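I opened this entry to keep a record of what I looked up, beginning with the strands and then turning to single residues.

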Amino acid sequence: MKYCSTSFVFCLIHLAALSQSYVFEKVQPLKPTDQHSSEAYIIASLLNRLHYNQLTFSDSVSSEIFDGYFDLLDPRRIYFLEDDILSFENFRYRLDDQITKGEISFAFDVYNLFRSRVIDQLNDVFNSIHLEPDYTIDENYHLSLYRIAWQASHEQKNDLWRKIIKNQAVDYKNEGLSWNDISEIVSLRLRSIGNAVLSHNSDYVFCKYMNAISQVFDPSTKYFLSPEKGKFDSNLNPFLESGFDSLHYNGISNPFEFASKTYEVDLDNEGYKLGVITVPNFYLDFDALSAGRQEYESASNDVKKHLSALIEEGIDGLMLDLRFNGGGSLQEAIEMCGLFIPDGPVVQVRNYDQSLDTMDDEDGGVILYNGPLAILVNRGSAAASEVFCSAMQDYKRGVILGESTYGKGSIQSIIDLKKYLRNPKVNPGYLKITLAKLYRVNGQNFQRIGVIPDVQFPSIYSQEDFGEASRQNALPWDEIASAKFKPTNTISEELLDHLNTLYREDLNSDPDLQKLVRDIEKAKENRERKSVSLNLETRRAANEDDDDDLTTSIDDSEVSGADEIDEKLKKDPYLKEGLRLLAAMKKYKIG
C-alpha cells in the first residue's frame, strides 16, 4: 500500500515549476466588491429565516465561522503559522455582527495573508528541491495532518514540508524513479498549486467565506458561484430533492452505470434465474417532464421498462443494486416504490417551519412486480436511495443487503440570489440550503444512522469514518409519529433469521467472502496507522506486506458466458452473496 496520501495529492496536485529556480512573485491584494457585501447580507438573512436548524447568528456561531474559515483555506495546516491565527483573534466573536451587516473584509484580509504564506512556502521549497533526501534516516511522517496544531515557527513549517516532500519521494523511489524524475514531478505540482492560488479572484474568496458560514448550519448547505450550479443540477432539480451531490466513497465517485442483466445461480442443486438492475442515481429529466413530454428519461421509467423485460424472461427473483447511489430526485424514489408496493405513504417530510408533509405512492395501487426482492447497498448509498430502502423495509416488501447506508436524511433546495439583488447587470451565485428532514413511514429519521441492512455484510467503514455522522454540524437523528400504512408482510422475521443463518454459513465456507474479510481487516489496520517510516528500506518492507484488494465491482465490458460469470462474481463477493441469498428467498417460497 502506498502512503503518498491522496488527500495530500489533492493539496499537491496543483503545484509546480519547470525549473527548480522558479520564484513566485507577490500580487496585489484582493478586495470585496459592493455586490459581495449585498450577497453576504442576503445569504445571512436567508440562513436565519429558512434553514431547518433555525440557528441564529451569535458569538458561538462567530467562533465556528472563524475556525472553519482558516480550516477551509488550510485544512492540513501547512501554510499558516500559529501567530497568523492569533493576529486575527480579536475577530473571533465579532463576525456574526459583521456578516449580518454585509461586512466581509475579514475574509479578504485572511485570504491575502494566506496567499502570501503559500507563495513564500513554495518559494522556500523550490530553494531546496535540488537536495535529495537521505533515505537512511529513521524518522516518521504523520499521515493525517488535519486538526494538528498550527506550526509555531517557519523552521517547524519548513521541516514539515521537508517530510511531505520526502514522503512522496520514498514512494516514487519504491517505483524505481530517479531523484531527477521525482524532483521534476514535485516541482511541476508545486508550480501548479502556486499558479492556482495566484489565479484566484475576489469571487473565489467570497465563495470560500460564504461556505465557512454555511457549513456552521449543516454540511449540505453551500454557496455556489453561478458556473458551479450545474454540478448540482446534473442529478437534482429545483424542487424537493434528496441527494448528496458530491458523494464519494473511498475516494471515488459512483463507478456504476444503469444496467440490467440476468444471472444463473445454483443453490442446493437447483437453478435460479435472477435479474439484477443497477441504478446509479435517481435521475429525472425535469425539463422534459415540465414540457409535458410523454417520454422522458427517469430512473423509475427505466427500471419499469427493464423490469418488465426481466419478468418476460421469467426471472425467479430481482435484485436492485443501489451501491454508490448518492440520491437524486425524491419523487423518483417514490415512483420506484410504487413498482413494488400498493398505494400508501412512502416518506414523511418535516419542514423548517415544523409543518409535516406525507409523500405518497399514488399510482392506483398497480404493482408491477411481487416476487422476491433484494436491495444491495453500501456506505455510498444515500438520501433518495435511503428513502427507497427504508420504505421497502418498513413495508416488509424487500430485504436490504450490504453495508449500513450513508445516513443523509435531509432535503436541499437551490435559491437563485439574483431575485433578491434585483440588478440585471450582476450575476450572483446560488445558495443550496437545507429546508427539511426526511422520516421513514415508521417515524424514524435515517439521518446519521442510515438504513441498517437486514443482512449486514462486512464493511471497511464505520459511520464515524464515512457517512453523515462523520461530517461536522450534521443534523441530529430524531423521530416523529408513525404514518398510517399497511405492511405487505412479504418479508417475515423467520425469513430474515433464515437468511442471516445462511450468510453466517457462507462466511465460514466461501473463500471469496473470507478473503474480503481479511482484506477489510488489513485495510482497517492500515487506515488506523498514524504515521509511516521515511526510511526507504523500512517503507519497502511495509509495502511488500500490504496486498489488500477491495475491488467489489464488475466491469460490464467483460464477456458473460457461464464460466466468465463465475469469474466476475468472484470479483464482486457482495453481489455473489446477495444473489445466493436472493435465490434462498425464492426457495423459501417468496413470491
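I am working from a predicted model, and I began by tracing the strand order. I found an open sheet of 6 strands that runs β4-β5-β6-β10-β11-β14, with mixed pairing. Strands β4 (259-267) and β14 (455-456) stand at the edges and have a single partner strand each, so one side of each is left without a neighbour in the sheet.

Is Ser385 buried or exposed? Its relative accessible area is 0%, and because the cut-off for buried is under 20%, I noted Ser385 as buried. Setting aside residues up to four places away in sequence, I listed Phe282, Leu322, Asn325 and Gly327 as the residues that Ser385 touches.

I located Ser531 in strand β15, which is made up of residues 531-533. With a relative accessible area of 28%, Ser531 is partly exposed, since that class lies between the 20% and 50% limits. Which residues is Ser531 in contact with, leaving aside its neighbours within four places in sequence? I wrote down Asn140, Tyr141, His142 and Leu143. I also checked Glu139, which is 392 residues apart from Ser531 along the chain, and the C-alpha atoms of the two are separated by 9.8 Å.

Definitions and conventions:
Residues numbered from 1 in each chain as written. Predicted model: local features only at pLDDT ≥ 70, side-chain atom pairs only at ≥ 80, totals over all residues. Heavy atoms only, no water. Pairing = 2+ DSSP bridges. Helix = DSSP H or I, 4+ residues; strand = E, 2+ residues; numbered from the N terminus. Buried < 20%, exposed > 50% of the residue type's maximum accessible area, 1.4 Å probe, protein only. Contact = heavy atoms within 4.5 Å.
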